[in-house]
Each structure stands twice: as structure tokens, then as C-alpha cells.
Amino acid sequence: MKRYIILFTLIFGMHTAFGQGYNLGEKPGPLPAKEFAFPKYTELFLSNGLKVFVIEDHEQPTVNLRLQIRGGEVSESIPGTASMVAEMLTKGAGKRDALTIAKELDGVGAGVSASSSGDITSVTGESILKHMPIMLEIFADVLRSATFPEDEFAKLKKQKMSEVKLEKANAGSLLQSLSRKVAYGANHPSARHKSEASYTSITLDELKKFYGTYYRPNNATLAVVGDVKPEEIKSILEKALSSWEPGDVNEFRTPKPEPMAQGVYFIARPSSVQSSTALIATAIPNNHPDFEALRLASNLMGAGFSGRLFKTLRETYSYTYTPFAYLTSGRDVNRYICGADVRNSVTDSAIKVMQSEMTKLANEATSNDELDLIKRFVIGQFKMNFENSDYVAGLLLNADYNNQPISVVKEFPNRFNAITPEQMKSAVTKHLAKQSIVVVGSPDVLETLRQFGPVYEFTTELEAKKAESKKVDLTPEQLMEKHRAALGGMENISKISSLITTGTASFDMNGQELRGNITMKQKAPGKQVMVMDFKMFKQTTMTDGNQAWRMMGPQSEEVTDNAEKQEMIDEAHIAQSARLIELGYTLTIKGQEGSSIIVESKNKAGEVQTMYFDAKTYLLNSVKETAKGPQGNVEVSRLFGNYTDIGGVKFPSKMVIEQGPIVISIDDIKYTVNQEINDSEFKPE
């Protein structure tokens, strides 16, 4: 097989208002739609380059400031730096220490605070209008002259260490942290994990460096909401912030995600009586044309009482109380996640329900009525939120950060309402096909998860769990006997004279995906033809048991390399893994790691591969081998899952092939046994 690769919640409650003119029992129609107008705002600039949005709100004599800095957790060198900088701002700034800042703000009922999340840092200030001078003075000080006192730094470090311990004890936090690693890649900036070790390594100099680099007016945008006039507040801000100097800021662009291998990711929590479970998929940037269609799909799955997961996981099966689904909305990288906290005993059943609902989302048409219900809710909430001026400020700041014109925000209701069921289904099919499972729960549920594919165990530190290798008291012959029995026994295997395998496949390379079909025909002894048709290209490999060929389109080429030809002939045997010894393979049992028995196998041509057999079922879970590629040797992995009984013999109904950036996922595999196949099909015409 390696040869083939080298070649290519807001709770959602709907209510009905009864008005005049309705008869008893008559379902009222919707109220007439009102024309929507985006709230007014003013955009201006200070002399130091700071962009300011002013949203007038004269209902209360208050003022709120919200500054958004382009630089957050993804910009830091050591996890935890950005959040520590944000929290240190009010521990000392200008001539004030932490106690003085707290007393002066509390004395007038004002507040200044800061936080960092994702790729932004936010600094906020609020007060009644007559106390704005003191609030604004402290607000300006924390932006331009934070002092970072050592004693406050030491206290904050201890606090952060305690937070890490609390997060390690929280299944939901572990689920989210591990899901980011799975979706974006173990070393991706958006997947960095704050730990005791990372906080220990952060120094005051690291905080000051981050502060001096990113806290600059030309790297920030300010929104002012309150009982103010644009020209008046501009003059006030100019006086307060003019000494905040701009600087050279190299904009940090989040790299493309490199998702971890598709599979099941598990963190054991021995005391858990329930499992935190989720399906994870890497999604698209928020400026992608399909993003809003995916958002609609996530709303359809997780919109509270009207969401599909609520109707199935809660109402139909009573597996959980609060299922969820959402799509993150970052500028550069995102992830889709749906899940629930469920009882240990129904962990695998709940996962199957979620997978079933995702399959329906990708393959079945959604009714316009169901979509319209979700659309009305989302658009209704969008419009209702404009009663809150702070919400408007958030939209303006995010649009500015995302380099989107405000017209994109204003036109959201019309665009969202125009999404068709087919557009949503197409977006799900294109972008959410590759899903992994993340579970945080009792070790008792681990074995039930193996049916979904390879299992990767992690610690609460989010580090891959090191498997302990132990001796296996079996000879290769005894292991093969158990494996053959697990498949159904050689008597049943020998009854299969021909096997036709079909499946739908996705070919993914660096996020670019092609979808197609794979068909393989095998005939005993040792004849095979395999066709991989992805429309843009079609590849065929075949062997008649003596010779082997490969074809791209109509052109055929005989395989002359002895090692490659031998491997193709060996793989042509039906249930090849049961016949390794009779095919002349040399098997060496290397030991057991976790739940896998590891076997090194070498064929007659000297080609070596590592095979992983389940220590309990003795079925083959995966095979790893090294292949020669255009740029040197590469590792190829084949993963097998969801074994199903076909004529008394178990065959996998799911297969994933990975080689560097290339991932081929083969799903919905179907088998036909003992159908007549003409020998001419195993040779080129």
C-alpha cells in the first residue's frame, strides 16, 4: 500500500407570541420583519496612530474603554507569557503600586483590567462619566508605563501554578486543551499548553520584552462606548495617550495547522464517573467563503433545545444533559467541536450517535424548515445584541483585527439567511470529513474506544503517554494462530476464493482535499487489481501473481524492482495478515506496549515493517514501514478499524493511510465475496 501513496450554548428556546386575530388552536405566524439598521459609530485616529471607534450611548452617564492589541497567546515564546503580562499591568504602573491602583479605582467605582486569549490581548476600563479622568489616567499608565514589580511577579507565579493544578483536575479544561493539539498540531502556537514548567521558565525580562514589543498604539485599536461626543473624547484621549509611543511591530501570522493523526485521543482520570467526549475537526479561517455555512452547521448540531445533539443524546437516549457544538471564529485557524459529558457506561454509544449525526450532516439533505428555524434564532440574537453598545464595539474591533470592512458585518443577516441546505452540506463534506475523537475519563472506558481506530494516550500534562514495553509469552506461530482465529479461522478464510472491496475515499495533502472511490478485486491465489479514482487523477495497480504493473490513466508500466513487486504480490493474497508465515515472512515479537503487541516482519525480499496487534482481540490495528520517496525515505502508516464480519471472516470497514502531509481516509468499506472475476482483469489490456 505504501507504493500507492508515494505515487500521489446558548440555550435555544423558541417561543410563540399570540396576538389578536388568532383562533384557538391556530398556529400564529411570524411577526412582520423590521428593517435592520447597523448602529452609528465614528472612526478617528490619534496622533500616535491609535485607531479609535466611538459609539455614542447617552442613556447612562458612563464610559467604557476597550482596547484590543494584536498580540496574545499565539505570539508568545513561552506559554503563559501573554496572560501574565496582562495580569501584571495593574500590579504597578506609573507612580502607583498595586494597592494604590486598587484603592483609587474602588474609591470611585471604576475598573481597569486586562486579559489575553488566542491571538489578541484586551485592556478595558469603565467608570461613570465624572470619574473618567482618574480611570483614564490609570488606563493610560498601564499601557505605556507598567512597572512589573518583582514581589507581585512572584505572587502571580504562585497563583498561576495553582491554576494549572486546577485545570489538570478539570475534565472540560483538559478536553479543550487536548482538542487544540489534535486540531492544530502538537507544536502549533494555537495549541500551546500552560504548565508548571512553562510558568517556572518565565522571567520578568520575558514579560517586559513582550510588553515592549506588542503594547504599541500602532498595534492596537480602541473602542469607546458611552455618554460622549466623538470630538470631545478625541481631545481627552489625545491628552491622555499622546505620550504612548508607537514602535516597530512585526505582525505575527499564525502558521497553517498540521493536525495530528486521525484517531482517538484519551486522557485517563481514574476518579471519573463520566466521560468528557468530543469529535474534533480542523476548520477554515473566518474569511473563507464556506465559513458561515460551517457556522450554520454547528448551530444546527448544538443550538440548545433545537439542536440535533440535544434531540438525540438527551431526548432520545438520555445520555447527557447538555450536549454542545460550536465552531471557533479565529482569523487564521479554527476548529469544529461537538461533544457532551456522558456516563462511563455509554461513552462509546454517545460517540456513535455523534458520528451518526455528523454523517447525516454531510450526506443527507436538511429541510428548509429546520434550517430556517436555526437561521431565525441566530439572526435574531445578532440583532437583539445591538441593544448592547459593548457588543457593537466588539464587532467593530474584531472586524478591524480581521481586516474586514464593516460592510461584511452589516450584511451578515442577509448572507446567513441565503445559505442553502446544499451549500451547508457541501461545506461539511469538504472541510469536516477528517474527525478525531477526544475523551477524558475513567481508564475503564479505554477498551471500548479501540473500535473507533488507533488510540493515543496522553497524560494530564498533555504529553504523549510513554508505553512500557513488556515481554510477550507467545511465539510468532502462536500469535499468528490467535490472529487467524480472531479473523474467523483459516477454514473460513480459505472458503473465500475472491473478494471485491469498495470504499469512498478522501485524499488530503496540506489541507487540499480530493474525494473519490477505491475499488480492489482479489482472486486466490495472489491476484489483485486496485483502482484509486479521484476524478482529477486515476491510478491502477495490478498483479497476476507473477508480474506486477502500475498505471496512471491509460499508460501502464511493469514493476521491475524485485522488492516492490514481491510486496505487491504478497499483498494480493486475501486476508494477507493471516498468511504471513506461509508467504515466507520472518516474524519477531518485539514486546507489548500498552495494548499493542509489536511484531517486526520481514518478507522474502528483505522489506521490513512493524505490525501492531491488539493484545486482547489479536486483530491487526496498524502497520508502519519506511518507503523510498522522491525526497528520501518517509514513514508510511496504515491504520485499520471497525472490523466487521463478512461471510464468517472479519475485515476492516475503515482504513487510514498516512505519509507525511498526505492522508488517505477510506470509509464505508463494503465487501463482496466469491463473485466470479475473469483472470484478464489482473493484466493490462
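Predicted model: local features only at pLDDT ≥ 70, side-chain atom pairs only at ≥ 80, totals over all residues.

Colleague: What is the volume of the largest cavity?
Modeller: The largest cavity has a volume of about 730 Å³.

Colleague: How many residues line the largest cavity, and which lie nearest its centre?
Modeller: The lining of the largest cavity comprises 42 residues. Nearest the centre lie M520, Q576, R638, F640 and M655.

Colleague: Which strand gives the most to that lining?
Modeller: That is strand β27, residues 649-659, which gives five residues to the lining of the largest cavity.

Colleague: And how does the lining of the largest cavity divide by class?
Modeller: There are 23 nonpolar residues, twelve polar and seven charged in the lining of the largest cavity.

Colleague: What about the second largest cavity: which residues line it?
Modeller: The second largest cavity has a volume of about 80 Å³. Its lining residues include R70, D119, E251, R331 and D332, and also F252 and Y401. By class, the lining of the second largest cavity has five charged, four polar and three nonpolar residues.

Colleague: How many salt bridges does a search of the whole structure find?
Modeller: The search finds 34 salt bridges.

Colleague: Let us turn to the sheets. In what order do the strands of the sheet with β3 run?
Modeller: β3 belongs to an open sheet of six strands, in the order β1-β2-β8-β3-β7-β6, with mixed pairing.

Colleague: Why is one side of β1 and of β6 left without a neighbour in the sheet?
Modeller: β1 (42-45) and β6 (111-117) stand at the edges and each has a single partner strand, so one side of each has no neighbour in the sheet. Neighbouring strands of this sheet are turned by 20° against each other on average, direction ignored.

Colleague: Is the pairing of β3 with β7 parallel or antiparallel?
Modeller: β3 and β7 (residues 120-128) pair in the antiparallel sense over eight bridges. L65 has G125 in β7 as its bridge partner. β6 and β7 also pair in the antiparallel sense, over seven bridges, and there G111 has E126 in β7 as its bridge partner.

Colleague: Which residue takes a positive phi in the hairpin of β6 and β7?
Modeller: G118 does, with phi near 65°, in a hairpin that has two residues between the strands.

Colleague: Which strands does helix α4 lie across?
Modeller: Helix α4 (residues 132-144) lies across β3, β6, β7 and β8 (220-226), and runs at about 160° to β7.

Colleague: What is the strand order in the sheet that contains β9?
Modeller: Six strands form that open sheet, in the order β11-β12-β10-β13-β9-β14, and the pairing is mixed. β11 (324-327) and β14 (455-458) are at the edges with a single partner strand each, so one side of each is left without a neighbour in the sheet.

Colleague: Is the pairing of β9 with β14 parallel or antiparallel?
Modeller: Strand β9 (residues 264-268) and β14 pair in the parallel sense over four bridges. F266 has E457 in β14 as its bridge partner.

Colleague: Which strands do helices α10 and α12 lie across?
Modeller: Helix α10 (residues 291-302) lies across β11 and β12 (334-343), at about 170° to β11. Helix α12 (residues 347-363) lies across β10 (274-283), β12 and β13 (436-441), at about 25° to β10.

Colleague: Now the backbone. Is the peptide bond from A524 to P525 cis or trans?
Modeller: The peptide bond from A524 to P525 is cis, with omega near -5°. P525 lies in the loop between β17 (512-523) and β18 (527-533).

Colleague: Where is K535 found?
Modeller: K535 is in the loop between β18 and β19 (538-543). K535 has a positive phi of about 65° although it is not a glycine.

Technical notes: Residues numbered from 1 in each chain as written. Heavy atoms only, no water. 1 Å grid on protein atoms, 1.4 Å probe; cavity = no way out; pocket = protein on both sides within 12 Å on 5 of 7 lines; lining within 4 Å. Points joined across faces, edges and corners; volume = space filled by probe spheres on them. Nonpolar A, V, L, I, M, F, W, Y, C, P; charged D, E, K, R; others polar. Pairing = 2+ DSSP bridges. Contact = heavy atoms within 4.5 Å. Axes fitted to C-alpha atoms, helices over the stretch in contact; angles between N-to-C directions. Salt bridge = Lys/Arg side-chain N within 4 Å of Asp/Glu carboxyl O.
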